[in-house]
Amino acid sequence: MTVADVVDMGFAGHLVALIRSLYENQRSNVKIQGDTSGWFQAKQGARQGCIFSLYLFNLMAELLMRYTLDGFDGGFKIGGRRVTNLRYVDDIELIASSEEELQELISRLHGAASMVGMKINGKKTGVMKISDDPTPIKVTVAGVPLAETKSFKYLGSLFNSEASCDEEVKSRLAIARQRMGELVPIWTSRTISNRLKGRLIKALVWPIVTYGSEAWTLNKELEGNIGAVADWV
């Protein structure tokens, strides 16, 4: 990553120079049981507690994906828009229409990360295939195979290889029932009106049930279960 890359993203050059000056030629030492080491130059990482660290990380992640996607033609088209990834801070999901595309995308990301001294953690990375073809998918990072999974959570929502939302909906309902149980003292209280209890359910329980519901495909059973929860409100 160069200063030119950051400036190309729309950041003013003098601001880039100012932040860069905070980290150039920085030195550190280590104190252990009262003994302090000599000073040494710190070439990587942000200062502990630096408020810029989150912004710098997001900036790095954005540049990594720009390097990765430069010239890549794969992915899915939804409403005329090409979708190749989902990102939230350091949680990145790569999306491809074939095993070959996914391998290319991961290899591109691995190469881009290597350019800036980063790497993909294979132990925390998995692949999932949504297809009628039961053949296992084989994708590697630097020659190391990635484990195939049948489901994973992304931003609190559960996705599975069957493209079904049954498991996700049932999980949401179970969490909502647990929350209802935790708040039993409120529901049984005689000093709290039923109207206020209803408002508390809407604020504390109903959002748990409906989180991510915009992407659900429901059958009659699931509709009935959700309807039962709605009756509480």
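Trainee: Why is Ala-142 called exposed?

Mentor: Ala-142 has a relative accessible area of 62%, and exposed means over 50%, buried under 20% and partly exposed in between, with a 1.4 Å probe and protein chains only. Ala-142 is therefore exposed. Before we go on: this is a predicted model, where local features need pLDDT of at least 70 and side-chain atom pairs count only at pLDDT 80 or more, while totals for chains, interfaces and linings use all residues. Residues are numbered from 1 along each chain as its sequence is written, and side-chain values use heavy atoms, leaving out hydrogens and water.

Trainee: Thanks! What makes the phi of Ala-142 worth a remark?

Mentor: Its phi is positive, about 55°, although Ala-142 is not a glycine. Most residues other than glycine have a negative phi. Ala-142 is in the loop between strand 10 (140-141) and strand 11 (144-145); strands here are DSSP runs of E with at least two residues, helices are runs of H or I with at least four, and both are numbered from the N terminus.

Trainee: And Gln-33, is that buried or exposed?

Mentor: Exposed, because its relative accessibility is 80%. Gln-33 also has a positive phi, near 50°, and is found in the loop between strand 2 (31-32) and strand 3 (35-36).

Trainee: Why does Asn-160 count as buried?

Mentor: Its relative accessible area is 9%, so Asn-160 is buried. Asn-160 lies in strand 14 (residues 157-160) and touches Met-128, Ile-130, Lys-150, Ser-151 and Glu-167, not counting residues up to four places away in sequence. Contact means heavy atoms within 4.5 Å.

Trainee: Now the helices. Why are helix 3 and helix 4 called oblique to each other?

Mentor: Their axes, lines fitted to C-alpha atoms over the stretch in contact, with angles from 0 to 180 degrees between N-to-C directions, come within 8 Å and cross at roughly 130°. Under 35 degrees counts as roughly parallel, over 145 as roughly antiparallel, 65 to 115 as roughly perpendicular and the rest as oblique. Helix 3 and helix 4 are therefore oblique.

Trainee: Which residues of helix 3 meet helix 4?

Mentor: Leu-64, Met-65, Tyr-67, Thr-68 and Leu-69 do. Buried residues of helix 3 include Leu-64, Met-65 and Thr-68.

Trainee: How do you know that the length of helix 3 agrees with its residue count?

Mentor: The expected span is 1.5 Å times one less than the number of residues. For the 17 residues of helix 3 that should be 24 Å, and its end C-alpha atoms are 24 Å apart, so the two agree.
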